[in-house]
Amino acid sequence: MSRFRRRNHDVPGLNLASMPDLIFTVLFFFMIVTHMRQTELKVRYVVPQGTELEKTGYKGSVVYLYIGRPVDEQGKVMDAPPRIQLNDRIVSVQEIPGAVAEAREQMASEDRMRMTVSIHADRDVDMGLMNDVKQALRQAGALRINYSATNQEETVD
């Protein structure tokens, strides 16, 4: 029986020499791929669902307009009437033409003619407010309007 003695073998340590390279590679990948939000949302909205949607391929000449319930500093939805956020600031319907004109002036000259207003409105927003916003955009000369929505999931019976 002495022939089959057990020997105490220590488990060799893990080689962690390549760990920093792996961590920096993953970090670099996420830095390149991640899209950072340029505006801080001050309103909460749930976009409506649609059936006939298409993606647009515009990039630089976009003014974002959000319509929804306001949120406080902690991100909780306040019980208040819907507010309008144009890029980074809360505006009233009457202030929309001036704010759009300011945003247009900040764009490059070739982008001014192709300016598109992208409306992200809550599904429960009153259509009277939406109509007022559209009239204010018409006064500002912003005639290209894009409405955001999600695909309606089709149910099979």
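## Overall architecture

Of the 157 residues of the protein chain, 28% count as buried. The model is predicted. The chain contains 4 helices and 8 strands, and their order along the sequence is α-β-β-β-β-β-α-α-β-α-β-β.

Among contacts in the chain with a separation of 6 or more, 70% are accounted for by residues 24 or more positions apart.

## Packing of α2 against α4

Helix α2 spans residues 96-106 and helix α4 spans residues 127-140. Their axes come within 8 Å and cross at roughly 50°. An angle under 35 degrees would count as roughly parallel, and one of 65 to 115 as roughly perpendicular; α2 and α4 are therefore oblique to each other. The crossing of the two helices is right-handed.

On the α2 side, the contact is made by I96, P97, V100 and R104. On the α4 side, V133, A136, L137, Q139 and A140 take part. Sorted by class, the contact has 7 nonpolar residues, 1 polar residue and 1 charged residue.

## The buried side of α2

Which residues of α2 are buried? They are I96, P97, A99, V100 and A103. These residues cover an arc of only 165° around the axis, which puts them on the same side of α2.

The cover over the buried residues of α2 includes α4 together with the strands β3 (62-70), β4 (83-86) and β5 (89-91). I96, P97 and V100 are among the buried residues of α2, and I96, P97 and V100 also belong to the contact with α4. R104 is part of that contact as well.

## T116 in strand β6

T116 lies in strand β6, which runs over residues 116-121. Is T116 buried or exposed? The relative accessible area of T116 is 9%; buried means under 20%, so T116 is buried.

Leaving aside neighbours within four places in sequence, T116 is in contact with S61, V62, V63, R144 and N146.

## N87 between β4 and β5

N87 lies in the loop between β4 and β5. N87 itself is partly exposed, with a relative accessible area of 24%.

The backbone of N87 has a positive phi of about 55°, although N87 is not a glycine. Most residues other than glycine have a negative phi.

Note on methods: Residues numbered from 1 in each chain as written. Predicted model: local features only at pLDDT ≥ 70, side-chain atom pairs only at ≥ 80, totals over all residues. Heavy atoms only, no water. Axes fitted to C-alpha atoms, helices over the stretch in contact; angles between N-to-C directions. Parallel < 35°, antiparallel > 145°, perpendicular 65-115°, else oblique. Left-handed = near helix turned anticlockwise from the far one by under 90°. Contact = heavy atoms within 4.5 Å. Nonpolar A, V, L, I, M, F, W, Y, C, P; charged D, E, K, R; others polar. Buried < 20%, exposed > 50% of the residue type's maximum accessible area, 1.4 Å probe, protein only. Arc of directions from axis to C-beta.
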